[in-house]
Amino acid sequence: MLQITADLKALLLKKSVRTGTFTLASGKQSDLYIDCRMTAMDPFGAALIGELGWHAVRSKIHSEKLSIQAIGGMTLGADPISLAIGMASARNHPEEALQVFTVRKEPKGHGAGKQIEGNFTPGQNIVVVDDVITTGGSTLKAIDAIERDGGVVKFAIVLVDREEGGREAIEARGIHVIPLFTRSTLLS
Ligand SMILES: O=P(O)(O)OC[C@H]1O[C@H](OP(=O)(O)OP(=O)(O)O)[C@H](O)[C@@H]1O
Ligand SMILES: O=C(O)c1cc(=O)[nH]c(=O)[nH]1
């Protein structure tokens, strides 16, 4: 996994890390913006995220003897990451493959009126995904929607933890967060 981690870090630094003046989802101002979509929607980046993410998810599943059926998180940032990890699970360990879903920011106003779309069934054990956590508010919103629809969130995986309190906010709900990178490991 060392080479995959190094390659993914290099791609994140090249395509996703930006400096300037940015307003974040929480309304906070920041001189750093990590546009993970650029890396997660790069075909090479998606493959790297899939391998590294599935390795991290599977290690947690096996070390804690968990049974997980599906992976997903708040659209849009989580979507390519959830699918990449689901595809890596099917490719590497088809008998343990995770189904994939997405959480809309609001329930759909027509059709079936669902907030969760894709392969999600009430009662399933879930890994929740985010691309970046800053305050953790978006991940917590996804967790609320999943729980409201009968899912059981076992843990969270994020591509980058900005180390601004989001991890602590999610873990205060009893949901362990696995970051593939932190701000420190990415920028060091
Ligand atoms: O931890 P937080 O303070 O919630 O911030 C992180 C969130 O901010 C972004 O979402 P945003 O809604 O900006 O964009 P997206 O719809 O492009 O994913 C990002 O994708 C994370 O989900
Ligand atoms: O907090 C955010 O909204 C945020 C931070 C960041 O670095 N990247 C991103 O996509 N969103």
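Student: Where is Thr134 found?

Tutor: Thr134 sits in the loop between β6 (125-133) and α5 (137-148). Helices (H or I, at least four residues) and strands (E, at least two) are DSSP runs, numbered from the N terminus. This is a predicted model, where local features need pLDDT of at least 70, side-chain atom pairs count only at pLDDT 80 or more, and totals for chains, interfaces and linings use all residues. Residues are numbered from 1 along each chain as its sequence is written, while chains are lettered from A and ligands numbered from 1 in the order in which they are written.

Student: Why is Thr134 called buried?

Tutor: A residue is buried if 20 or more other C-beta atoms, placed from the backbone, lie within 10 Å of its own, exposed if 12 or fewer, and partly exposed in between. Thr134 has 22 such neighbours, so Thr134 counts as buried.

Student: And what makes Arg162 buried?

Tutor: Arg162 has 24 other C-beta atoms within 10 Å, so Arg162 is buried. Arg162 lies in the loop between β7 (152-161) and α6 (166-171).

Student: Which residues does Arg162 touch?

Tutor: Not counting residues up to four places away in sequence, Arg162 touches Val132, Ile133, Thr134 and Arg183. Contact here means that the C-beta atoms of two residues, placed from the backbone, lie within 7 Å.

Student: Which residues does the UniProt annotation "binding site" cover?

Tutor: According to the unreviewed UniProt entry, the annotation covers Thr134 and Arg162. They are spread over 29 residues of sequence, yet cluster in space, with a largest C-alpha distance of 5.4 Å. Such annotations, given in the numbering used here with shortened feature names, may be inferred rather than shown by experiment.
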